[in-house]
Amino acid sequence: MPWRKMINDWRLWINPQATARPSFAIKIMIMRAYHLEDTGAVKKLILQQHPIQEPGPTEVLVRMHAVSLNRRDTYILNGVYPLPSVPGVIPVSDGAGEVVAVGEAVQRFTIGDHVAGSYFARWVDGPFSRELGRYQLGCTLPGMLTEYALLEEESLVHVPPHLSWEEAATLPCAGLTAWSALTGGGPVTPGQTVLTIGTGGVALFALQFAKMLGAKVIAITSCPEKAARLIELGADDVINRHTIPNWPPAVRALTNGQGIDHIIETGGADTIEQSLQVAALNANVALVSVLGIQKKMIEIDPIILAGNLVTMRRLFVGHRTGLEDMIRAIAVHLLHPVIDRVFPFEEAAQAYEYFATGRLMGKVVIKI
Ligand SMILES: NC(=O)c1ccc[n+]([C@@H]2O[C@H](COP(=O)([O-])OP(=O)(O)OC[C@H]3O[C@@H](n4cnc5c(N)ncnc54)[C@H](OP(=O)(O)O)[C@@H]3O)[C@@H](O)[C@H]2O)c1
C-alpha cells in the first residue's frame, strides 16, 4: 500500500539503519491543525496536534502548503453562516497542497500531484441540490487549515503548474464563483461589457477572467490606489464610487448609452439598484451577494425593472467540473491570482483579523 511505503521511505531516509518499529513511524507522523472550538472570536481558533490518519480506500492525504480566506470563513468563525459548522471543525474551504499518500481505490491522483479542494465536496457536476450543499469543506467537513488534510478523491482537483502554492490556494471559492458568474448563465462573449464592483477576491477574479474572455471591463472601487491597480490588471475604465457616488450615469456613458451586458453583483443590497440602472436591455446579473454592508433590504424602484429584460441569477460558488474548466483556462492563459498578503501558519488568527478589516485588495493567504 502506498501509505505504508511512504512511511518506510521516510524512516529509511531519516535513518538508513532503521528496522521495522511501528512506534517510531507513529512518532514522526504528527501534524498540527487549527480547530474552531467555538464561534464568535479568533481566540476560538485552537492549534492542536494529532497523529496523521491513514487514507481509506477512496481517500487522499494532502500535505497542505497554503490556504486562503473567504468572507464565508469569517461568517463561520462568527457563527452567522447559514449552515451551522460541526463543533471543533478544521476551518477554511480553500487550500492547496501535495499528495503524499493515496488509498488503494484512488484513480485520479498519485503521490506528488499538486491539488486543491473543491468547496462543495460532493458537487461534481449538474444542478445544485440542498443535499449537495450540506457537504462543505471547512464547515460540515474538515477543512484546509491543517498541515495534512485527508480528503475523498472526488473533492479534489489538480492545480495549474505555473501557480505558486499561495496562488493555487485562492482558486476554489473566489475564483470559481467569478468563473461561474461569467460562464454559468448566458456566458460572456468577446466584445461584451462586464461590470465588477469592489476589489474583493471575486471581483478581481471576475476582472481577470472577463479580460481573458475578450470582454471590456468597467470596475467600481472606492480608492484611487486601487483604481490604478485595477487598470494594471486590465480594467478598461474605473469609477471611484466615493468621488462619483451616483455612478450609474457615468458607467452608462462609458458604454455609449448601451449599458452593461454582464454585472458581477458582489455589493448585494448596497449596489443592486445601481447595477440594474446600468444593465443593458438583455443583461445578465450574477447575484453573487444579496446581503449589503449598509443596507439590510434589497430595494429596487419598479420603474427600473419595468423597461428591462434583465436576467438575474443567484449562484453558489460552483461544481468541481466548473473548477476544472476554470483551471484549464487559467493554465492556458498563465493567469496569476491577486494576493494581498501572506501570513505564516502560526499567525492564522492575525490573518482572520486582517481579512475582517476589509481594507484589502485581493486574497489573504496563510502559508503552511
Ligand atoms: N454566492 C457565492 O457563491 C459567493 C461566493 C463568494 C463570495 N460571495 C459573497 O460575495 C461578496 C464579495 O466577496 P469577496 O470576498 O469577493 O469580497 P469582499 O472581501 O467582501 O470585498 C468587498 C469589496 O466590495 C467593495 N464594497 C464594499 N461596500 C461597497 C459598496 N457599498 N458599494 C460598492 N462596493 C463596495 C469594497 O471594495 P473597494 O474598497 O474597492 O471599494 C470591498 O473591498 C461577499 O458578500 C461574499 O460573501 C458569495
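**Reading a predicted model, from backbone to ligand**

Q: Val-92 lies in the loop between helix 3 and strand 4 (94-102). What is the phi of Val-92?

A: Keep in mind that this is a predicted model. Phi is about 85 degrees at Val-92, a positive value even though the residue is not a glycine.

Q: And is Val-92 buried or exposed?

A: The cut-off for buried is under 20% relative accessible area. Val-92 has 0% relative accessibility, so it counts as buried.

Q: Is Leu-334 buried or exposed?

A: For exposed, the cut-off is over 50%. Leu-334 reaches 52% relative accessibility, so it counts as exposed.

Q: Where does a glycine take a positive phi?

A: Go to the spot just after helix 7, where Gly-214 has a positive phi of about 90 degrees.

Q: Why is helix 7 described as largely enclosed by the rest of the structure?

A: Here you go residue by residue with the burial cut-off. Helix 7 is largely enclosed because 11 of its 12 residues are buried. Among those buried residues are Gly-201, Val-202, Phe-205, Gln-208 and Met-212.

Q: Now the ligand. Which residues come nearest to it?

A: Start with the shell, where a residue counts if one of its heavy atoms lies within 4 Å. There are 26 residues around the ligand, and Thr-199, Thr-221, Lys-226, Leu-315 and Val-317 come nearest.

Q: Which helices each supply at least two residues of that shell?

A: Helix 3 (71-77), helix 6 (171-183) and helix 7 (201-212) do. You can also read the shell by domain: at least three of its residues come from domain 1 (2-173 + 318-367), and at least three from domain 2 (185-314).

Q: How many residues of each class make up the shell around the ligand?

A: Sort them by class and you get nine nonpolar, 12 polar and five charged residues.

Q: What distances separate the ligand's oxygen atoms from side-chain N or O atoms of Thr-199 and Lys-226?

A: For polar contacts, check the N and O pairs against a cut-off of 3.5 Å. A ligand oxygen sits 2.7 Å from a side-chain N or O atom of Thr-199, and a ligand oxygen is 2.8 Å from one in the side chain of Lys-226. At Leu-315 the backbone takes part: one of its polar atoms is 2.8 Å from a nitrogen of the ligand.

Q: Where does Leu-315 lie?

A: Leu-315 is in the loop between strand 13 (311-314) and helix 12. With 9% relative accessibility, Leu-315 counts as buried.

Q: How many residues apart along the chain are Leu-315 and Met-31?

A: They are 284 residues apart, and 36 Å separates their C-alpha atoms. For another pair, take Phe-343 and Glu-273, which are 70 residues apart in sequence and 37 Å apart in space, C-alpha to C-alpha. Phe-343 lies in strand 14 and is buried, with a relative accessible area of 4%.

Definitions and conventions:
Residues numbered from 1 in each chain as written. Predicted model: local features only at pLDDT ≥ 70, side-chain atom pairs only at ≥ 80, totals over all residues. Heavy atoms only, no water. Polar contact = N/O pair within 3.5 Å; in protein donor to acceptor, adjacent residues only side chain to side chain. Helix = DSSP H or I, 4+ residues; strand = E, 2+ residues; numbered from the N terminus. Nonpolar A, V, L, I, M, F, W, Y, C, P; charged D, E, K, R; others polar. Domains from an automatic or database assignment. Buried < 20%, exposed > 50% of the residue type's maximum accessible area, 1.4 Å probe, protein only.
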